[in-house]
Amino acid sequence: MSFKEINIRDLKESPVKMISEDWTLISAGNADGWNTMTASWGGVGELWNKDVAFIFIRPQRYTYEFIEKSEYFTLSFFGGEKRDELALCGSVSGRDVNKAEKTGFTPVFDGDSVYIQQAKTVIVCRKLAFLDIDPKGFLNDKIMACYTNGDYHRMYVGQIVKVLTK
Ligand SMILES: Cc1cc2nc3c(=O)[nH]c(=O)nc-3n(C[C@H](O)[C@H](O)[C@H](O)COP(=O)(O)O)c2cc1C
């Protein structure tokens, strides 16, 4: 089945559910090199008068290297399906394993972005900014439990430039 472009306002499902419960694959790179990883934190909204998505990536992720180098990142959603494949992409590193080979996922190279052919919905984002999480700003003691190794996320804010659905 092929993708058709829609407006982010016409998403059928809550983006909170799509990210937190169904999970997403964050991908970046191009035909010369790319990677993808599972994420369940992030969001979609409005910032700086633009429709945006924001994601949180720990610096040790292989995907971090591709997002740093790339102008774009993408979010691929599977509607609660492909759970085993998403669990794999969230538990091993692309440094050690060819995730496309292991999962059967096919990359679609679209300009300088890459997303997953088997996805039901894709959000393509152009990076606008990054912000490093600073524990000085934490107002709740429990948040620190997410950072026992001091590996604070880098938050990326991306302008939503394309939304695809099947
Ligand atoms: C459900 C789930 C959600 C995750 N969410 C995030 C996230 O939001 N940010 C992050 O940095 N890592 C997250 N991870 C961990 C990465 O997906 C995992 O470390 C992955 O193996 C990194 O792959 P890479 O080294 O190929 O980039 C999550 C893992 C799972 C299973």
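**View 1. Phe-73 and its partner across the strands.** In S9, Phe-73 has Cys-125 as its bridge partner. This is a predicted model, in which local features need pLDDT of at least 70, side-chain atom pairs count only at pLDDT 80 or more, and totals for chains, interfaces and linings use all residues. Residues are numbered from 1 along each chain as its sequence is written. S6 and S9 (residues 121–132) run antiparallel over six bridges; two strands pair if DSSP finds at least two bridges between them. Strands (E, at least two residues) and helices (H or I, at least four) are DSSP runs, numbered from the N terminus.

**View 2. S6, covered on both faces.** Six of the six residues of S6 are buried, so the strand is largely enclosed by the rest of the structure. Buried means 20 or more other C-beta atoms within 10 Å of the residue's own, with C-beta atoms placed from the backbone. Tyr-72, Thr-74 and Ser-76 sit on one side, with Phe-73, Leu-75 and Phe-77 on the other. S2 also pairs with S6, antiparallel over four bridges, and Thr-24 has Phe-77 as its bridge partner in S6.

**View 3. Helix H2 and its buried face.** Thr-63, Phe-66 and Ile-67 are the buried residues to look for in H2 (residues 62–69). Down the helix axis they fall within an arc of 100 degrees (taken from the directions from the axis to the C-beta atoms), so they line one face of H2.

**View 4. Ile-55 and its contacts.** Beyond its neighbours within four places in sequence, Ile-55 touches Ile-26, Ala-39, Gly-42, Phe-73 and Tyr-156; contact means C-beta atoms, placed from the backbone, within 7 Å.

How values were computed:
Contact = placed C-beta atoms within 7 Å. Buried ≥ 20, exposed ≤ 12 C-beta atoms within 10 Å, placed from the backbone.
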